[in-house]
Amino acid sequence: MKILVITEQRQGKWNNTSFETLAAAQQIASAASGSVSAAVLGKSLDAFAAELASKNVAEVLQVEHDLLENYTPDGFCVALKQVVESTKPDLVLFPHTYQVRDFAPKLAAMLGKGMIGDCVAYRNEGGKLVFVRQMFQGKTAADVSFVGFGPWFASFQSGAFRADQVAASDSGAKPINKVSIDLKPEQIRTKPLDLFKEAKSAVDLTQAPLIVAIGRGIKAPENIPQAEAVAKALGAEIAASRPICDEGWLPMERQIGSSGQTVAPKLYLALGISGAIQHVVGMKGARTIVAINKDQNAPIFEIADYGVVGDIFEIMPALTEELQKAK
Amino acid sequence: MAVEREQLEADVLIVGAGPAGLSCALHLANLIKKHNESGAKPELSAENIYVLEKGREIGAHQLSGAIMNPKALRELVPDFEKSAPLDTPVTDSAALFFTQTSSFRFPITPPPFQNKGNYVVSLSKVVRWLGGLVESAGVNIFKEFGGAELVYENGAVAGVITEDKGLDKNGKPKDNYTPGYELRAKVTVLAEGTRGSLTKKLVADKKLDNINPQSYGIGIKELWDIQPGRVEPGYVAHTLGWPVSSDMYGGGWIYGLLNNRLSIGLVLALEYADPQFDPHAAFQKWKTHPHVKKILEGGKLVRYGAKSLPYGGWYAMPRNTVDGTLIIGDSGSFLDSQRLKGIHLAMKSGMLAAETIFEALKKGDSTSKTLGSFQQRVEQSYIRDEMWKVRNFHQSFQHGMLQGFVHTAFQQITGGRGLIDPMRADAGYKHYKKSNGAKPPANTEERFKGDGKLTFDRLTDVYHSGTRHNDDQPCHLHILDPDICVTKCVEEYGNPCQYFCPAAVYEMAKESSGSLKLKINFPNCVHCKTCDIADPYQVIDWVVPEGGGGPNYEGM
Amino acid sequence: MKIIVCIKQVPAKDAPLAIAGNWIKESDIGFEMNEPDSFALEEALRLKEKHGGEVIALSMGPERVKQTIKEALAKGADRAIHIADDNFAQLDPLGAASALAAAVKNENADLILTGLQSDDQGFGQTGVLLAALLDRPHATIIMAIEAAEGKLKLKRELEAGWFQHIECPLPAVLSIQSGINKVRYATLKGIMAAKKKEIATLTADSLGAKTEPTQKVEKIYVPIKSKKTEFISGPPKEVAAKLVEKLKFEARVI
């Protein structure tokens, strides 16, 4: 099985999930006696290519073109179609980034193929690859498999695999293949303009990969900064169960549950939340659930992966410190 | 605030798409169709009949046991047996007496509990189906719109104003603010169900009260998927005794629907003496009775709901006709208070209203001169036959079950007259015994928790009612004197709202200063109206929230 | 401006899910408009209010889908196209997009809008696939649209608080980010007017848009936690350290 990983970089920086996908590809390949190639697109990519070449891949495809310097769906699709047609992989893997969502399905369609997006896992069932993705906002999982011949296209959700599990090269720098592609300005219809940062006016918890949520156990609004410190140290969004938002201690958009948002993040840290059903339905699709509650019988422990029966006011500052150390 | 409202005009405006409102609409549409086909003048249109429904879907707010007497449906839709989604005819009617540990089936089921010829149904399904027929007949049903205010003109009811949408919780307009419509109609029909909010105001304004104030009960229901073979479809059982004490009026029910679905519940009169009595907890307790527990073992809770019922009977029915308006269904108290059956009476009242309105439209007169024939029609129909016989039934139980049985025995042999006719009754909320500080309000942490499998705490149950409200809107539960809640009521009654609300809407929270504050979790509201009914000071005014909000009683 | 909005009808958010193979039991549950699509519809209606033109609601599925279509018409869409297909839930993203593309091929719309993804299957590919099949330029996760002189200036959302402006020619296909506007209520007049608006019903067969499936959902299931809760105990500092270690190396979430 020949696997091609499409990595992502922007303005001189990697999107690190690219390496998670590389790790996934290596795992799939090792069980299917396959090979993994990694591609990077853009302009002035020598350093990127070299870094990829230090990993255990069959080859690195350095796809450079002036018109690929800034991402456009047209540019990337035209380029990658040529790459796929010439390298003939069986499986093309992407990290499921905002950018990949923008072009990968089109790329697959241009080749008459389908894409299974936002997968959280895969299984090798006696040679057949089955991809697992979430449905119904994380309430269910779905096993999806490809029909017909490849190339197949799939993307993995951020955090489904671990970037630091990428195997390094077993024999020095792997070959870098500078791929030339044919791309004309008139083929690119959208024009990317300025990139800018903005404080998001609205919170979208459904997109947050890490969430720290507080419940009645927080007792008073004055205590919320302690939870916010944990969230900051984690790089997580703060959220809450209904009573907290009802009191006005946090805005309504931060509410998780049957009358708030339904989320399925990588990590859900529940502080002082009992786990009543109307809250749980909003978050039980989370990949890893950590619950801290002083009541050992709190229903939240029934769905938690890790539980701490303790006082959140003692654990929160300790956790903040440990998280900052781990950064 | 002085708002610019868009005006719309209809011939007939029906507030509420329940069995009464929909039967009225369908019957009227049929009458209009025949009328037009015969070439009679003036030509009328079913499209000028508007029905308002505050729920998300037709049937979303319908809750009943339910055992339906098909006689009205048979008149309205003669081939109903082929098309109506009725679960099953009743196959067995049992009356059970519960003690704490055992149950005893009456060898002969007393007549009020006999249900041969009736159907076990999901009222929500039936109403939904009926709504389909009404829409096919050309009537306009507007879902997610409630009647917020009556429009008067020269003392007559001229229409209804629908609720404002898009106000935030402080009452300020949001981006999508849409003021309510002023819907004018020649005839407005109030079919709002139990304790209708417009009806309540109309009855007060126009002094439509009868000699007895209305009496209400609360019905708390759960729908379960049970293990096959436990209960046959069509099996109907009513239970008396445990855990309802003999000074209270009420009992449980167990109805077998199709596909191993079971309807269970407890009905209790909202006229008990202990202000801190908890009907929801009583229902959960009832489920732990060995007879019920055995049936539910291995089953799964599907849905939960609660609703009040108006069973004051004949002498509590408000005057139902005012210039420009008719009151039908539960809003008009069309309910047999002995058998607690109101679906067929609601439908019949709707049909009789339709006939009355038809005359009014033809004549071009919607004053009580023409509309007054509604009451005549009611008195000449089986509505009166049924309700007259039990006109003193409910009042008999004011002082407990034993006295009740004595009175009703006499009523049985005297065609309803009994020992006292008319028997007077007090409003339920007047029955509370003041606790005078003896009982502090509940500590939420000590409230009934349930085991999560057979019994449930209130919040878990509410979750299963599918109730949803846009959180960012003004609270639809108006406390007319909020001071009472934290002063007088604490002392005298211990804040019964925390106990009688089956949806955990009301909470007395302790502030950090130690003082109490009333917290209203209005998004939990299941629109049962119990608070409006049972509050001892009558300061809770339930008004219609933004349309679409409320429970989702699919299958109930 | 002629704008087509793709609107999906999905099981109601709070509907209890009874799994049946690779889909759910559809009886006894409520359905509603896919919330992300309601933002796309609102955006379309606002564009029409600003620039004039027509908004067409496009939906696919069994007869019950007409309910959601009527809602779109009640909110202000001018007419609708319903692709009748009882087996819609079984279609893969390319199959669904192919049918949608075939239905609108001859409409020559200036803009086709979709929501970001559906709350049920959540493939999130419809907009991009439509653009590919109709050979139109596209952009996704759009927060704002400005139209002037046959061109669009778009604001697109990226990760980590970054945004980008994009210039895009017409005709185009856009996927709209959720929550960018306050969705309007259907008015009484709108509901009544909706009854008279046209809903053209087509079938996938008549469109000749049948494609071979590229992927198959084998089954759906409630993910069972494979391991029991691991409790971490000890003094707070120790617990915190252990927890961070587990999250880093075992759960691999940080």
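This is a predicted model: local features need pLDDT of at least 70, side-chain atom pairs count only at pLDDT 80 or more; totals for chains, interfaces and linings use all residues.
Buried area is the accessible area (1.4 Å probe) that two parts lose on being put together, summed over both. By that definition, domain 1 and domain 2 of chain A bury about 720 Å² between them.

**Domains of chain A**
- The domain assignment divides chain A into domain 1, spanning 2–187, and domain 2, spanning 205–326.
- Ten residues is the contribution of domain 1 of chain A to the contact, and domain 2 of chain A supplies seven residues.
- Between the C-alpha centres of domain 1 of chain A and domain 2 of chain A the separation is 34 Å.

**Interface between the domains of chain A**
- Of the area buried between domain 1 of chain A and domain 2 of chain A, 41% is on carbon and sulfur atoms.
- On the side of domain 1 of chain A that touches domain 2 of chain A, the residues comprise two nonpolar, six polar and two charged.
- Three residue pairs are in polar contact across the interface of domain 1 of chain A and domain 2 of chain A, both residues being at pLDDT 80 or more.
- The number of salt bridges between domain 1 of chain A and domain 2 of chain A is zero.

**Overall form of chain B**
- Chain B contains 18 helices and 24 strands.
- The radius of gyration of chain B is 23 Å, close to the 24 Å given by the globule rule for 556 residues, so chain B is as compact as a globular protein of that length.
- Taken along the principal axes, the box filled by the C-alpha atoms of chain B is roughly 70 × 60 × 45 Å.

Definitions and conventions. Residues are numbered from 1 along each chain as its sequence is written. Chains are lettered from A and ligands numbered from 1 in the order in which they are written. Side-chain values use heavy atoms; hydrogens and water are left out. Domain bounds come from an automatic or database domain assignment. Contact means heavy atoms within 4.5 Å. A salt bridge is a side-chain nitrogen of Lys or Arg within 4 Å of a carboxyl oxygen of Asp or Glu. A polar contact is a pair of N or O atoms within 3.5 Å; within protein, one must be able to donate a hydrogen and the other to accept it, and residues adjacent in sequence count only if both atoms are side-chain atoms. Ala, Val, Leu, Ile, Met, Phe, Trp, Tyr, Cys and Pro count as nonpolar, Asp, Glu, Lys and Arg as charged, and the others, Gly among them, as polar. Helices (H or I, at least four residues) and strands (E, at least two) are DSSP runs, numbered from the N terminus. The radius of gyration is taken over C-alpha atoms; the globule rule is 2.2 Å times the number of residues to the power 0.38.
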